Amino acid sequence: MTTLQKESASTWSNSDLALAPSATGQADQVESSTGARVKLVLVDDDADYREAASAELTELAFDVFAFASGDEMLEYFAQNNDADIIVLDWKLPAGLGIDLLPKLHDRGIRLPVMFLTGMPATAYESAALDRGALDFVDKARGVPILAKRIRLILDSHRRARETPAKTALACGKLTLRPDVSRAFWDNKDVSLTVTEFNIVHLMVSHAGEHVTYRSIYDCVHHAGFVAGNGDEGYRTNVRSSIKRIRNKFRALDGEFAEIENFPAFGYRWRTGPAQPA
Amino acid sequence: MDALADMARDMRAAADETAHALKGSLATIQSSIEPLRRAVPADNLRARRALELIDAALGRLKDVVDAAHQRDCAVAAAIERGQNSARR
């Protein structure tokens, strides 16, 4: 990161603007149903747009971390920083913003991604949506529209995360009851905490496939999961959560070996797929 | 024939480039007006009117940029269609 970008990232997130209540009360009008400030990563090579849009988004209750390139953004995430949503410019100096999607995916960063563009062509829109972007907004529609669409995406994302499918899942000896956040092994309650239940639910929903450390971390870190030190800090936290979960299953069944580690990548629930119970 | 195909591709790339650059600048102007709008007192009619005029001009410019982009893409598509039918 250049000094300028470092400055812009910290200026907009820590400035008086970010802390001051909006003079017009506009921020209140666009608050999401949860009312929380949103941590937003913006990538755009146009320094003027970055400055103007960051200031307006800050006014509308966003904490903005703005970067001039995809590499700077990846560096930000590599340093164990997080965000609620990523907004990418369609065209960046090193190529298309859309080409960053696989790079984010490879690093286990599964955040909602939106694109900003100057082009009305629907061909690009469908390419972006096909490749995993959640929305595609014409830059010239203005920051208030952008802010509203971000809130809508985040609200639906949060609802999906907070109310996992209510249907019970069965996978071998395991039964998961999302309605009460309880897991049963051979019909015995495993006594998982809600966070531990969410981790197991994530793995079982992808039973037979590996889930990354990052996605396990993401599924719980809103519930007070604190990052450790350094790049690998969150992995240490995920490892200790998995260890606690295994111990709870082993207390019921000494043979329990359903959770497999794939070093440097993540974990998987060995048998699958899960069926509705 | 390949020269025509190249031309169509360049034309589309240039249209994208121009639209992107213009919309970026228009978006900067639009976002930068917002703090001014908040700062202008309601009774300053001349300044309020000036903001309205800027909004209207921005709206027209955006429409012009979109229309020019669509026209360029349509011409590029027509060149490609002509080339494909010449091949057959």
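Trainee: How many bridges link strand 1 and strand 3 of chain A, and in what sense do the strands pair?

Mentor: Two strands pair if DSSP finds at least two bridges between them. Here strand 1 and strand 3 (residues 85-89) of chain A pair in the parallel sense over four bridges. Strands are DSSP runs of E, at least two residues, and helices are runs of H or I, at least four, numbered from the N terminus. In strand 3 of chain A, A:Leu88 stands opposite A:Val43. Keep in mind that this is a predicted model, where local features need pLDDT of at least 70, side-chain atom pairs count only at pLDDT 80 or more, and totals for chains, interfaces and linings use all residues. Residues count from 1 along each chain as its sequence is written, and chains are lettered from A and ligands numbered from 1 in written order.

Trainee: And which residue is the bridge partner of A:Val43 in strand 2 of chain A?

Mentor: That's A:Phe67. Strand 1 and strand 2 (residues 62-67) of chain A pair in the parallel sense over six bridges.

Trainee: Why is strand 1 of chain A called largely enclosed?

Mentor: A residue is buried if 20 or more other C-beta atoms, placed from the backbone, lie within 10 Å of its own. Five of the six residues of strand 1 (residues 38-43) of chain A are buried, so the rest of the structure largely encloses that strand.

Trainee: How many residues of chain B are in contact with chain A?

Mentor: Contact means C-beta atoms, placed from the backbone, within 7 Å. By that rule, 19 residues of chain B touch 19 residues of chain A. Helix 1 of chain B gives the most to its side, with 14 residues.

Technical notes: Buried ≥ 20, exposed ≤ 12 C-beta atoms within 10 Å, placed from the backbone. Contact = placed C-beta atoms within 7 Å.
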